[in-house]
Amino acid sequence: MSKKLKNLKFWIHTFGCQMNENDSERLVGLLRRAGAELSVSPESSDLVIINTCAVREKSEEKLYSLLGRMEALKKRKKLIIGVMGCVAQLHKSRLIEKKPSIDFIVGPDNYLDIPRILSESWPDKVISTRWSPHWHGFSPDDVSRKSPVSAYVTIMEGCNNFCSYCIVPFTRGQEKFRPLSRILEEVRYLASRGYKEIQLLGQNVNVYRDPEKGRGFIELLEAVNRVKGIEWIRFITSHPKNFSPAMAQVMKDSEHVCHQLHLPVQSGSSSILEAMNRGYTRDDYLDKIGFLRDLMPDISLSTDIIVGFPGETEEDYRQTADLLRQVRFTNIFSFCYSPRPLTAAAKKTDSVPFEVKGQRLMEIQRIQKDIQLEENTSMIGDVVKVLCLGRNKRDSRLYSGRNQGHQVVNFTSDSDVIKRFVDVRIVSCGPYL
Ligand code: SAM
Ligand code: SF4
């Protein structure tokens, strides 16, 4: 049976990082262009696609729980189920063996095949997980973005770092870079559509190298900074071993680059950083924080922390807690170490007991919550510039936006300020502002 895409109703659920969000936005655009319609629920859809994350075991478990719901639905109605992203790449055909209700599997490098897969013969199961070393082109108007104000722009895919705990190099493959000419084409397109903010995406954006003319990350930032209409530029993720003083300088000198940086430290202990194969020590990291703050005293810094890495002693953990107190990040994302297949760390004994990991995580989060509450409270009375992203999802009487530091600010206004910059006086706050 051949399945045509016209009027096919589809629903996508996305797990994981901003890269996955951006991949899903591109897929929605492609399917719409092929005549399919985005639907509000799986119940009202002919096709369900789950975009998956394999970074921690928990994220994989979430897929299985959602798949269980979709399987039950498939017993009641005709439904095509597709799984894309990192779990698809990791398990390939084994995923279909385990879950026969799945009709197709596509890796992070193959989701552009989905319209073709759907228009070809059916119900044969399809598995498409081959990497391509080349950047796959797409046109900026093929992307169906969730926000009309702030847009993700992917500048690279994959990663060559092989941090010992991380599955990404195995699921997203080797680094490949998008040509600067195509990045600028997309940024100009977004500016012409009224977008005010862009977030440049990649697993390690600092190593960007233009495949056409060899230009690096600094030249990329300078070029994007010159695009008229884009007021705020952010980028994620930076790697401490590749983030240089020259990059900090270009952040300071470029009018539109926000004084905000996500710089994942992972651990405050140099011996654990070595075991993680991160390529920097605690002191190297603190030096980078030092020059960033010297250049931009107003910079907002965030980080990622893993507790309970194999061999992490109480003293190693204390050094992480101490680093948080020293740096006073605006925000952190913290996780218990989760052994992942294929990684170097998975060959080591997962030595920190589950309960100890949990206690360390709770303590880290409590320390950080206190820091955030203190820092945010000190902002009461200040007037901050906020980019209004829309209405608050829980209380539609409020508007919601972010300040330059990427903190959420909710506020009232008599006029419609969506897509506009507004000066907001901070009158109250919580730890998460
Ligand atoms: N490329 C980015 C980087 O280097 O920070 C992001 C990689 S990953 C998608 C996001 C975060 O997940 C990492 O910074 C790390 O803190 C966490 N993470 C990755 N693998 C993990 C694991 N096996 N267990 C726990 N957390 C993990
Ligand atoms: Fe994973 Fe390390 Fe690459 Fe980030 S830099 S994606 S943590 S291997």
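**A loop residue and its surroundings**

Author: Threonine 129 is found in the loop between strand 6 (126-128) and strand 7 (150-154). Helices (H or I, at least four residues) and strands (E, at least two) are DSSP runs, numbered from the N terminus. This is a predicted model, in which local features need pLDDT of at least 70, side-chain atom pairs count only at pLDDT 80 or more, and totals for chains, interfaces and linings use all residues. Residues are numbered from 1 along each chain as its sequence is written, chains are lettered from A and ligands numbered from 1 in the order in which they are written, and side-chain values use heavy atoms, with hydrogens and water left out.

Reader: Is threonine 129 buried or exposed?

Author: Buried means under 20% relative accessible area, exposed over 50%, and partly exposed in between (1.4 Å probe, protein chains only). Because its relative accessibility is 14%, threonine 129 counts as buried.  Contact means heavy atoms within 4.5 Å. Neighbours within four places in sequence aside, threonine 129 touches Ala88, Gln89, Lys92, Ile105, Val106, Gly107 and Asn110, and its class is buried.

Reader: Which class of accessibility does leucine 342 have?

Author: Leucine 342 sits in the loop between strand 14 (331-336) and helix 13 (354-377). Its phi is near 75 degrees, a positive value in a residue other than glycine. With a relative accessible area of 52%, leucine 342 is exposed.

Reader: How does phenylalanine 162 count in accessibility, and what is its relative value?

Author: The loop between strand 8 (156-157) and helix 6 (168-171) holds phenylalanine 162. Phi is positive in this residue other than glycine, being near 50 degrees. Phenylalanine 162 counts as partly exposed, its relative accessibility being 33%.

Reader: Which elements do the buried residues of helix 2 pack against?

Author: The buried residues of helix 2 are Ser59, Glu60, Leu63, Tyr64, Leu66, Leu67, Met70 and Leu73. They pack against strand 1 (9-14), strand 3 (47-52), strand 4 (80-85), helix 3 (86-91) and helix 4 (93-98).

Reader: How many helices and strands does the protein chain have?

Author: Of the 433 residues in the protein chain, buried residues make up 55%. The chain has 13 helices and 18 strands.
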